[in-house]
Amino acid sequence: MDVLTFNLNNPSRERAERQLSYLASRPEQVLVLTETAASAGCEFLAQRFTAAGYDVVFPRPERGERGVMIVSRLPLSRPDVTFDYLPHRGVAVSVEMDSGPLDVIGLYVPSRDATATKTDRKKKFLEGARLAIPQAWPGTDQRLVIGDFNILEPDHTPAYRFFQAFEYGFYQWLGEAGYRDAFRQLHPEASEYSWVGRTGDGYRYDHAHVSDSLGRVLRGCSYVHEPRTGPDRLTDHSALAVQLDVSPTALLTVTDPAESTAAGALF
């Protein structure tokens, strides 16, 4: 089973059409799409994937808000994982594997500036995420926490003075709760960035953290820079692909979403 997280950057309808062609061509069975909105571009993607037979979970954010959409070629169910604050930014699904259910929790953590309002908002969401994300018990739970976390690892290179202790604290808490940074497990010394500012400063914002049992079957985790750096400029983030050596028990029958007629998406 392979999973891709991809920041849509709330696309226009025209850019969403180009994103659809790219996403439909990816080999991953599950797509965790972040920075969604109740917009024409995101509705287009949800409708086309749904019409093509994919399972789509897309809690529509309220006006001015952003969230997560999960698109799957595998049948999805909803685990008992609930985000009470900004629930459209924490979306959980479950996929049945030959080794048992595997939960995927997609996160789009709020960004912030120096204002108290946005800082408090981000802090409140991360506090709620600690309550919502279950402890990963060694050797039993199969769970992947993935998406745009808008935080950095504590020893990120380069270091940025703007980030606060509570942001690094969430990364550290994931480790304490039984999750491993999948990219760091396979690439302990690599310096790669999923978002690069106008001044050329790089940030590893997009993450995938796996429970202990998935860490044992992790066979790949790499950034896919083409959507950000390629001539089509599909988004301002690099994608992140995760490969797991587990097999799903069922596949959906899907068609090419680029050729599908529009239909309503699932909630």
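A pocket is an open set of points on a 1 Å grid over the protein atoms alone, with protein on both sides within 12 Å along at least five of seven lines. Its lining residues have an atom within 4 Å of a point. The largest pocket here is lined by 24 residues. Pro-110, Ser-111, Arg-112, Asn-150 and Tyr-205 lie nearest its centre.

This is a predicted model, in which local features need pLDDT of at least 70, side-chain atom pairs count only at pLDDT 80 or more, and totals for chains, interfaces and linings use all residues. Residues are numbered from 1 along each chain as its sequence is written, and side-chain values use heavy atoms, without hydrogens and water.

Stay with the pocket. About 460 Å³ of space lies in it, where a volume is the space filled by probe spheres set on the points. Helix H3 (residues 116-132) gives the largest share of the lining, 3 residues. Helices are DSSP runs of H or I with at least four residues, strands are runs of E with at least two, and both are numbered from the N terminus. By class, the lining has 8 nonpolar, 5 polar and 11 charged residues. Here Asp, Glu, Lys and Arg count as charged.

Now turn to helix H1, residues 13-25. H1 has 13 residues and reaches 19 Å from its first C-alpha to its last. That is close to the expected 18 Å, which is 1.5 Å times one less than the number of residues. Which residues of H1 are buried? They are Arg-15, Ala-16, Gln-19, Leu-20, Tyr-22 and Leu-23. Buried means under 20% relative accessible area, exposed over 50%, and partly exposed in between (1.4 Å probe, protein chains only). Among the elements that cover these residues are strand E2 (30-36), helix H2 (40-51) and strand E12 (218-224).

E12 is itself mostly covered, with 5 of its 7 residues buried. E12 pairs with strand E13 (residues 239-244) in the antiparallel sense over 6 bridges. Strands pair if DSSP finds at least two bridges between them. Cys-221 has Val-242 in E13 as its bridge partner.

Finally, look at the backbone. Most residues other than glycine have a negative phi, and most peptide bonds are trans. Asn-9 has a positive phi of about 60°. Asn-9 sits in the loop between E1 and H1 and is partly exposed, at 22% relative accessible area. Glu-35, in strand E2, has a positive phi of about 55°. Glu-35 is buried, at 14%. A cis peptide bond joins Thr-157 and Pro-158, with omega about 0°.

Notes: Contact = heavy atoms within 4.5 Å. 1 Å grid on protein atoms, 1.4 Å probe; cavity = no way out; pocket = protein on both sides within 12 Å on 5 of 7 lines; lining within 4 Å.
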